[in-house]
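Let's take a walk through this protein together, from its overall build down to a few individual residues. Please have the model open beside you as you read.

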Amino acid sequence: KTGDAKTDSSMILPIVGYFVGPATTIGVGVGNIASKTVDGAGVTTSDGSTFVVKPLVRKYWNIKGGFFFYGQAAVPIMTGKTDYFDPITLVASDSKSTSVSLEVSPGFDYVVNKWMTVETSFTILNVGSTTTTPNVGEKTTTFGFKANPMNSVADRALGNLQVGVKFLF
């Protein structure tokens, strides 16, 4: 049986922060990004895991009541490894990658009660560098600058939409 290749990915990135002022927070997220691609015949062609450390700062502005707008600047630092398998040649390989970037994200935060909020944000600017070192071949370094939160004029999807629950202590 053959079909389309399918890629699944997940990110777990809990963030801990501290209010340094009435409307300013500093924090850090530490977590993992996992991804796996399976071809149409059910063979895993790539399997990756990336460790993430993401220091950040947020500034909040109250819109009304428990509804807030915030701006966030973060510096995600990621290191990971991806294993590849070519089912045609039966060759396995891997690559290691390291990246550092600057992200700017606006978001909204709604206070549900005195100990919990629900938030959503999306990236509007991402500038960074990624170095990939395969076990076969040459090391490459790429620089990226993404300043458009929309994927294209046709679909108008927001870039990296994230939704989370925040617990206040």
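You are looking at a predicted model, in which local features need pLDDT of at least 70 and side-chain atom pairs count only at pLDDT 80 or more, while totals for chains, interfaces and linings use all residues. Residues are numbered from 1 along each chain as its sequence is written, and side-chain values use heavy atoms, with hydrogens and water left out.

Start with the whole fold. The protein has 0 helices and 11 strands; here helices (H or I, at least four residues) and strands (E, at least two) are DSSP runs, numbered from the N terminus. The C-alpha trace spans about 60 × 35 × 35 Å along its principal axes. Of the 169 residues, 24% are buried, where buried means under 20% relative accessible area, exposed means over 50%, and partly exposed lies in between (1.4 Å probe, protein chains only). Contacts, meaning heavy atoms within 4.5 Å, can be sorted by separation in sequence. Among those with a separation of 6 or more, 51% are between residues 24 or more positions apart.

Now for the open spaces. On a 1 Å grid over the protein atoms alone, a cavity is a set of points where a 1.4 Å probe fits but cannot get out, and a pocket is an open set with protein on both sides within 12 Å along at least five of seven lines; lining residues have an atom within 4 Å of a point. Grid points are joined across faces, edges and corners, and a volume is the space filled by probe spheres set on the points.

The largest pocket has a volume of about 810 Å³. Its lining consists of 29 residues, and those nearest the centre are Ile15, Arg58, Glu119, Val165 and Lys166. By class, the lining holds 17 nonpolar, 8 polar and 4 charged residues. Which strand gives the most to this lining? That is β11, with 6 residues. Strands that each supply at least two lining residues include β1 (6-12), β2 (15-21) and β4 (44-64).

Arg58 sits in strand β4 and, with 7% relative accessibility, counts as buried. Its side chain makes polar contacts with the side chains of Tyr60 (3.1 Å) and Glu119 (2.8 Å). A polar contact is a pair of N or O atoms within 3.5 Å; within protein, one must be able to donate a hydrogen and the other to accept it, and residues adjacent in sequence count only if both atoms are side-chain atoms. Setting aside residues up to four places away in sequence, Arg58 also touches several others, including Thr25, Tyr70, Gln72 and Lys166.

Ile15, in strand β2, is partly exposed at 40% relative accessibility. Beyond its neighbours within four places in sequence, Ile15 is in contact with Val28, Gly29 and Leu56. Ile15 and Val28 are 13 residues apart in sequence, with their C-alpha atoms 5.5 Å apart in space.

The structure also holds 1 cavity of 30 Å³ or more, and the largest cavity has a volume of about 40 Å³. Its lining has 1 nonpolar, 5 polar and 2 charged residues, among them Lys54, Glu103, Ser105 and Phe122. Ser105 belongs to strand β7 (residues 91-113) and is buried at 5% relative accessibility. Among the contacts of Ser105, leaving aside neighbours within four places in sequence, are Gln72, Phe122 and Thr123.

Strand β9 (residues 125-134) runs antiparallel to β10, joined by 7 bridges; two strands pair if DSSP finds at least two bridges between them. Is strand β10 (residues 140-146) largely buried or in the open? Of its 7 residues the number buried is 0, so β10 lies largely in the open.

Terms used
Ala, Val, Leu, Ile, Met, Phe, Trp, Tyr, Cys and Pro count as nonpolar, Asp, Glu, Lys and Arg as charged, and the others, Gly among them, as polar.
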